[in-house]
Amino acid sequence: METFDLLHQAVHDGDDRKAVEIVEGLLKKGTDPVHLLNQGLIASLEKVGKDFSDGLLFLPEVMLCAHAINRGTQLLEPLLAEAGVQPRGSVVIGTVKSDQHDIGKNIVSMMLRGAGFRVKDLGIDVDPEVFVAEAGKGEFQVVAMSALLTTSLPWLEQTIQALDKEGVRDGVKVLVGGAVLDADKAQAAGADGYAPDAARAVDKCKELLGLATDSPRE
Ligand code: B12
């Protein structure tokens, strides 16, 4: 097997130790960190994302895959920063006010990081004012929100309205997701994009930022 095949397999198996070992070995051998990020770690996300969407991998497995990608990416981060490589884009994410569900948000964050985005995670039960303050910093291209409860949906709407009202919506795209949403509800709430799962959240984020997406997922 080619070395990247072994890395892809380790990530797919959710074997973070093995993934780290392979990444460390490749770096020692002098593999270019950018090549390793794109062809090694990010490429491994394609099969994981597809298998998740197709129901061949399940949530606990995907969490392990995402963790393995994250640990590998963490090793590359300082080297990429040194090489002056810009992240694909910056995303600020949080679960909206009144809502404490964070498993889905965490997976989306990990997948985004694995796909080369810089992600600031605000946690759970995030006030609209906090989203507004973060969006106003001009550091982020995407504000991402998660909502799982019928009762937290109005907070998602209020947060988007607050972004509009406070004039910080220009220059940022709003991406939303979570079990209580669908594309129609997301549009009605005023979001720029919606994704039903973490794999498609990465695709949608790229689409919103005008970056090339991998093969579309149905
Ligand atoms: C685990 C869980 C909890 C845990 C949460 C632990 C945690 N750390 O997250 C605990 C026990 C705390 C909890 C509490 C409650 N829960 Co609860 N919970 C669940 C449960 C079983 C699983 C949710 C989950 O994590 N799913 C797995 C993740 C991976 O899926 P996901 O969140 O949908 O995320 C995916 C996508 O939606 C998407 N996504 C998610 N976020 C984002 C964000 C963006 C930007 C994008 C693009 C995509 C995206 O990508 C993710 C990955 O693929 C669901 C039932 C269910 N089967 O969904 C109920 C459920 C969500 N809970 C429910 C309820 C009612 C509650 C409580 C009110 C119960 C109570 N009476 O106290 C409280 C509310 C607490 C609060 N204030 O938030 C209801 C909500 C019903 C509704 N429509 O309002 C559900 C549906 C159960 C039910 N059938 O009644 N809960």
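Helix 5 (103–114) contributes the largest share, five residues, to the shell around the ligand, where helices (H or I, at least four residues) and strands (E, at least two) are DSSP runs numbered from the N terminus. The model is predicted, so that local features need pLDDT of at least 70 and side-chain atom pairs count only at pLDDT 80 or more, while totals for chains, interfaces and linings use all residues. Residues are numbered from 1 along each chain as its sequence is written.

The shell holds 27 residues, of which Ile103, Gly104, Ser146, Gly177 and Asp197 come nearest to the ligand; a residue is near if its C-beta atom, placed from the backbone, lies within 6 Å of the molecule. Strand 3 (142–146), strand 4 (173–177) and helix 9 (198–208) are also among the elements that give two or more residues.

The largest nonpolar core has 62 residues, and Val91, Met111, Leu112, Val143 and Val176 touch the most other members. Such a core is a set of buried Ala, Val, Leu, Ile, Met, Phe, Trp, Tyr and Cys residues joined through C-beta atoms within 7 Å. A residue is buried if 20 or more other C-beta atoms lie within 10 Å of its own, exposed if 12 or fewer, and partly exposed in between, with C-beta atoms placed from the backbone.

In helix 1 (residues 3–12), the buried residues are Leu7, His8, Ala10 and Val11. These residues line one face of the helix, because they fall within an arc of 160 degrees seen down its axis; the arc is that of the directions from the helix axis to the C-beta atoms. Just after helix 1, Gly14 adopts a positive phi of about 70 degrees.
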